[in-house]
Amino acid sequence: LGFYTGAEDGYLYVDQMRVEDIRHQVPESPFYLYSKNRIMHNYASYQQALAGIDSLPCYAVKANNNLIIMKELAAAGAGAVLVSGNELKMATVAGFDPKRTVFNGNGKLPWELELAAEKGVLINIDSEFDLANIAAAARKTGKKVSVLLRINPDVDPQVHAYVSTGLASSKFGIRNSHIKWFLDEIRKEPLLELVGVHSHLGSTITKVNIFRDAALIMCDFVKMIREEGFNLKYLNIGGGLGIDYSHQGQVLPTPTDLIDTVRDIVKELGLTLVIEPGRSMVATSCALVNTVTGVKTNGSKNFVVIDGSMATLIRPSLYGAYQHIELTTPSKEAVQVFDVVGPICESGDYLGKDRELPTPKAGDGIVVHDAGAYCMSMASNYNLKMRPAEYLVENGKLRKIRHEERLEDQLKASFEGL
Ligand code: LLP
């Protein structure tokens with residue numbers, strides 16, 4: 001399932017297809033290569049984990065907004081969690097049910113809220129002004145809007161500061177001490193119906209007791225809010241489950257481990273559990289396939305220069321994230337320690353540091369693993385690099401699911417309206 005090294009020939013495979021063969025079929029380089037089996041398997045793991053409780057699994061579209069991938073998940077019955085009006089438009093095209101969709105964010109714009117209200121999406125309240133804007137959108141559209149309070153539980157997810165969101169110092173969510181103020185305001189708004197609470201602690205979380213700590217805190221808030229006369233239905237515990245980026249056989253909690261730590265809480269309160277996984281749904285389903293441009297040394301360090309870069313995949317440069325790198329073919333060349341770098345004019349442009357690899361040569365294939373989440377969706381045009389094509393392996397066949405961006409797209413954007 002997904003990517004693996006062939007036991008007999010040492011080649012890299014994706015779902016019975018050699019990545020090296022695919023590379024020769026595909027005209028573009030670099031390109032993102034996905035396994036549909038892996039995506040569906042990851043989603044099925046959540047479905048199995050949720051058996052026996054009322055639940056609403058919402059896929060976090062920000063992780064990967066490829067339309068075909070979104071369509072597959074929508075068709076499989078997933079809900080969606082969105083953070084922009086354009087994500088909402090895309091989710092609509094993909095076929096997600098608005099009633100099973102949550103709109104999140106600390107800076108939602110009036111037009112985005114009006115669109116969400118129009119479509120009947122669940123909306124999270126993030127702040128005082130956000131509540132005012134949501135109420136305004138409800139009045140303008142004349143629609144009744146179901147809202148959740150995004151409460152900051154002040155629990156440390158023990159992850160990189162940039163992906164930590166549930167601490168008191170974070171820009172997200174409302175202050176615990178201020179909940180009653182929000183309840184009073186919501187009472188005054190006949191078009192707003194408070195249906196749940198939400199918390200999202202952060203991303204790449206590897207300890208499930210952190211989710212339990214937060215859920216227990218949220219449980220007290222649910223009781224308090226119910227005592228105030230609100231009929232809460234949803235407990236939304238956000239996303240955040242990590243994956244094994246190390247490829248060292250690290251044993252990480254599964255969706256079942258995650259759900260089992262909160263199962264009793266949800267049942268006791270008679271709530272529907274909403275979860276918002278992004279990374280754990282799609283990260284492992286994909287590799288960024290690159291071509292080696294050349295190998296060089298500066299005397300003390302060796303470099304493999306590839307055609308992919310921080311423009312194609314920014315997580316190592318931005319978070320110092322580790323993503324596993326390997327050649328697509330077996331090799332008997334001497335193993336050396338390399339930095340794997342791109343062609344961008346910045347020293348921060350690297351995909352991997354101090355990696356042991358058999359010495360490659362120009363033209364060889366080299367992949368960056370676990371590239372299905374926050375890689376293509378965070379790609380940029382820096383240095384006028386074009387966002388790459390995407391391919392999906394589906395039923396033993398290769399399917400192109402996104403064209404490589406063209407320079408014409410950039411030229412058009414620059415000149416339109418001038
Ligand atoms: N729900 C909310 C409210 C979120 O903010 C996020 C992610 C998710 C769900 C999905 O979390 P996941 O299951 O994917 O961890 N660019 C960073 C990750 C940023 C995550 C932002 N929020 C990275 O590449 O590591």
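**The annotated cysteine and the ligand's surroundings**

Modeller: Cys 345 sits in the loop joining strand E16 (335–341) to strand E17 (350–358); strands are DSSP runs of at least two residues, numbered from the N terminus. The model is predicted, so local features need pLDDT of at least 70 and side-chain atom pairs 80 or more, while totals for chains, interfaces and linings use all residues. Numbering starts from 1 along each chain as its sequence is written, and side-chain values use heavy atoms, without hydrogens or water.

An unreviewed UniProt entry puts its "active site" feature at Cys 345, an annotation that may be inferred rather than shown by experiment. Cys 345 is exposed because its relative accessibility is 66% (exposed is over 50%, buried under 20%, with a 1.4 Å probe and protein chains only).

Now the ligand: 17 residues surround it, with Ser 203, Glu 276, Arg 315, Tyr 319 and Tyr 374 the closest (a heavy atom within 4 Å qualifies). Among the polar contacts (N or O pairs within 3.5 Å), the side chain of Tyr 319 places an N or O atom 2.6 Å from a ligand nitrogen. The protein buries 92% of the 590 Å² that the ligand exposes when taken alone (Shrake-Rupley, 1.4 Å probe).

Back to cysteines: the whole structure has 0 disulfides (sulfur pairs within 2.5 Å).

Definitions and conventions: Helices (H or I, at least four residues) and strands (E, at least two) are DSSP runs, numbered from the N terminus. A polar contact is a pair of N or O atoms within 3.5 Å; within protein, one must be able to donate a hydrogen and the other to accept it, and residues adjacent in sequence count only if both atoms are side-chain atoms.
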